[in-house]
Amino acid sequence: MRPAAVEYIAAREVGEVLAALADGETSVLAGGQSLVPVVTRPGAPPCRLVDINRVGGFDTLAEDDGCLRVGPLVRHRAFESGVVGGALGDLLRVVVQHIGHPPIRARGTMLGSLAYAHPAAEWPAVAVTVGARMVLDGPDGRRTVPADTFFTAPFTTARRPQELLVEARLPTLPDGTGIGYAEDRRSSIYPQAAAMAAVTVTGGVVSAAALCLVNSGPHPVRAVAAENALLGTRFSDTAIALTAEVAAEQDTRRLDDDATRPARRQAYRVLARRALRHARQGAGRCG
Amino acid sequence: MTIEINGTPHDRTPLPGQCLRTYLREEGCFGVKKGCDAGDCGACTVHVDGTPVHSCVYPAFRAQGRSVTTIEGLAGPSGLHPVQQSFLDAQGFQCGFCTAGMIMTTAALTDDQRADLPRSLKGNLCRCTGYRAITDAVNGGSPAVCPAEGAAVGSSLGAPAGPQVVTGTARYTFDLDVPGLLHLKVLRSPHAHARILSVDTSAALAVPGVEAVLTHKDAPDRLFSTAQHENEAEDPYDTRVLDEVVRFIGQRVAAVVATSEAAAEEGVRRLRVEYEVLPAVIDPALAMLPGAPLVHGDKGIAEGIVRANANVVGELHAGIGDVEAGFAAADAVYEATFRTPRVQHAALETHGAVGWLDDDDRLVIRSSTQTPFLTRRAVSRLFGLSRDRVRVVAGRVGGGFGGKQEMLVEDLVAMAVLRTGRPVKWEYTRSEQFTAATTRHPFVITVKAGARVDGLITALQLTVLVNTGAYGNHGASVMHHGCHETVAVYRCANIRTDAHTVYTNTVPAGAFRGYGLGQVTFAVEQVLDELARMIGMDPVTFREINVVRPGDDLTAPGAHVPDLGIASYGLDQCLDRIRAASSTTDTAPDGWLVGEGMAIAMIAAGPPGGHFADATVTLLPDGRYELAVGTAEFGNGSTTVHVQIVADELRTTPDRVLVRQSDTDVVGHDTGAFASTGVVVAGEAVLRACRALRARILAAAERGPSEIRCLTADSVAGISLATIAPLSGSGHFDGTPRSVAFNAQWFRVAVDPDTGELRILRSVHSADAGTVMNPLQLRGQIEGGVAQAIGATLAEHVDVDEAGQVTTTTFRQYHLPTVADVPETEVHFARTTDAIGPLGAKSMSESPYNPVSPALGNALRDALGFRLTDLPYTADRIWQAIQDHRP
């Protein structure tokens, strides 16, 4: 590591964190699983870190008013056991198994992953799939940003440099919702491509559908046209195949790279199909 | 605030930004290993308040007020932690560099996580074992064997270093505290080819802590090769410690030596260099064309370069018989061109060395090397020192795979020590390992072969292009070796080979497990598979008709090697196993395409041109024996076998044998731990030393050499061994004559036509290693070789862009096989006894790697109906090929 080049502030309360962030240059250290390798890389520029691990009250994990509220120090592994019932709990439990490996899950945090905004990461995809809201605290007070406008580019979010992501609110999913997740064989930490689905069936018919493609563009996106194709269907194999076909057209990454386009489109076609089939197993059940 | 480490409070405040791993190592916890610096490899795993973390991505500050447990603190007062014990029992390690991290991660797994190791151990990489032994360890191994007197050979004795490996007390290259240590960092070239016009060192020297800056003006005006061989003429002398001309992006330009790593890095950043950029050539085919930029145009035959004016380091144009007549006599002829990419050795311990002057002012270099003696010779020659003024010693080496048959750091460390008079350390980062160590040689191989309908191969023609990169280390030898055993294993009357090794302005390639055989085997075995298909014969029968048999001569185009022969033969047994494998059945997912394929490989036991070993065995006053042997231990297990030989030859038990090794002060000479020689060359020297000592012990008791029954672990003919100690015996072996070993691999695979995903349904390997000295260890070596080769076949590639820049620089980009990627391989041993090797043993080590890629290629061909010729076989390439072959 480059000892001289790192300034380290161990904050004890949120006010100290915001004071440290006021210069617009300081990075927030939560789990550190992505940040530490970056700041310690040989040749990395000097940096200033504010460690939030000693701040009280940051480990909120509670269901409240139809939402799961998650604080900045909730580690990935907290989601390995059911923290909330219903389809949201299923989704979190399925997805967390794919994140890194046990040591990463022991340290890394959900909010850290959301703020880091790796285009292939799992939690941003969950946030987009379920329509989470992000609560930011800063010099001008608190504000809430919906997930679909929070992620703006790779490693870039609507969070201003002076702000801290203090909470994510994940809406619980209605009865009759099934969830699905499928990913392409990964190189090591992140998937090359993945699809995530949450589909609600009421009276045998798809009444709500969310299908999110991971690493298909600068940030996770809902395949809206594909979702619309699924709505009102009976969730048959044919409906799934058609939906996957529409979803595959949405891969927007590396438009200039013609050589890999057909293979990537095919990957999303297959992954969307697998995620939807997985979702169908849980959909339509009540209570 | 203090940090509690293994129950003891530590008061020293971490430096700002220091990671926990560095802090722990500074506090003496050397069991915490540095493998990647990026949270990818898991070698640094420790527990913080009982939770496993990768300590390289955990700021040390954060551990204040917390309790840290490292591998050193895992064992309880009553002995080893159960996970340590099971890793010891199952021998769940080879080099052991990843083991502390594996054990720490495993010790914190829940039962559910233990049942799903592909996911739970994703964060812990092992390059040696292929994970089978690790999986066995996690599931609880059976207790280690304790062979009785005289019964060690053939038993699955554990590695002597096992207890140290599982407790984190084995000492690797950097696991020592050197007072007053200076740190070395280098500035690396941003240009693929340039002349250095000037280096302004003033700003660098002004950095507090910087002690010296070294440039080409300080370097000896002598050429050498980083490659290490007994025969120094084998490699071209084309390299300088620091050169005025840089020939690849990443080559050393200048070195900064400072009191801390940070100061050395800051010094490097402040160097100002003026370059004259020269034209560069990246593509090996273009490098041979007239008018191509010359990489070593200033050198020639005198330096060992065959045609420097065409960038050709070495070439082979030779034949036996008449290939044209052979093709004319064929009923079927097939020709195809194959390409293999650069692959990294990815030993978890990077290259590096620590040097100092000892009390007698001798230069001491402690290095992560496979060749301590040859490195001493090279350092002595470069700096004009007599050999007795240089000592090279290796600690336990954290993996090599050929990459450390190379002097990549010791020369510059020596120069810095001699310049400053102080201890100096240089440890490669993981990124430097990718951009500035060596890789496997990329090959382009065209094979044309013909056969008659009765199965006889009538002609074989090889055209081979080897890219050695900017320097010729191992380049010509890898080409010659690659073109030899691959065709010599067949009794073909007409063979023609045309091969070139060429320079390009890219990162140099070097020795890599298999030494060229893997690349050429990949092509030859696939072309023969296709020929068998064309004449409608099964591939095993086709091999049986054509392979060499006992008594056959092993000639192939090129220099005749008269000391090589078939001193035992088990290839027929290997093929029988492969035929049996094919009669099994497996189920594949619906809609997947299933195929099977096999390939064979032969390897000479040791290199041509001499490979020397010395050993001394001494009877100590307490009745134990001390073995001194020069070869290095880097997880290959030669030490275990040497102990077994000593125990049996001197009728004692393995726990009464001490070993001193890997140190130029210990014995006269040893060529080194490469070319699969640990058993067949060093082991033979050990055997001879034992027999010399045994004769002396018996003589001391007035008994003849055949009366060995009167020798026990405590006495000889009733006389206590203590009364005749000390006594010594020495042995030497020059590595000639040589026998050959055989390997055969078979796979059944399934391919998902929807995604191109390839799944191995069954893997069977059969090996003829002569006498199996240690079944558990040999099985592990084969599993590890197969796993590495599966990685190189399905995933691994180091990429170089059009400018010559290596773009694969971290484990996150370069996919090493994880638990999830490696199937279990059934391993079978042929029953043979070699007439040359010690106690009938032959070499193995490298050779299990070689038949794997072509066997997978043949299985894929069987599944798809067409052949893929370029490695690696990634899912997207397979899927794209399926699309391209749709009618």
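How many residue pairs are in polar contact between chain A and chain B? The count is ten, with both residues of a pair at pLDDT 80 or more. Keep in mind that this is a predicted model.

On the chain A side, β1 (6-10), α2 (35-39), α4 (102-107) and α10 (261-282) each supply at least two of the residues that touch chain B. The largest share, six residues, comes from α10(A). By class, that side of chain A has 17 nonpolar, 13 polar and twelve charged residues.

In total, 42 residues of chain A contact 43 residues of chain B. About 3600 Å² is buried between the two chains, with carbon and sulfur atoms giving 53% of that area. There are three salt bridges between chain A and chain B. One of them pairs Arg62(B) with Asp51(A), where the closest N and O atoms are 3.4 Å apart.

The centres of domain 2 and domain 3 of chain B, taken over C-alpha atoms, are 36 Å apart. Domain 2 puts 26 residues into the contact and domain 3 puts in 24 residues. These two domains of chain B bury about 1900 Å² between them, 59% of it on carbon and sulfur atoms. On the domain 2 side, Phe248(B), Ile249(B) and Phe434(B) lose the most area to domain 3, together 32% of what that side buries.

Conventions
Residues numbered from 1 in each chain as written. Chains lettered and ligands numbered in written order. Predicted model: local features only at pLDDT ≥ 70, side-chain atom pairs only at ≥ 80, totals over all residues. Heavy atoms only, no water. Contact = heavy atoms within 4.5 Å. Buried area = accessible area lost by both parts, 1.4 Å probe. Salt bridge = Lys/Arg side-chain N within 4 Å of Asp/Glu carboxyl O. Polar contact = N/O pair within 3.5 Å; in protein donor to acceptor, adjacent residues only side chain to side chain. Helix = DSSP H or I, 4+ residues; strand = E, 2+ residues; numbered from the N terminus. Nonpolar A, V, L, I, M, F, W, Y, C, P; charged D, E, K, R; others polar. Domains from an automatic or database assignment.
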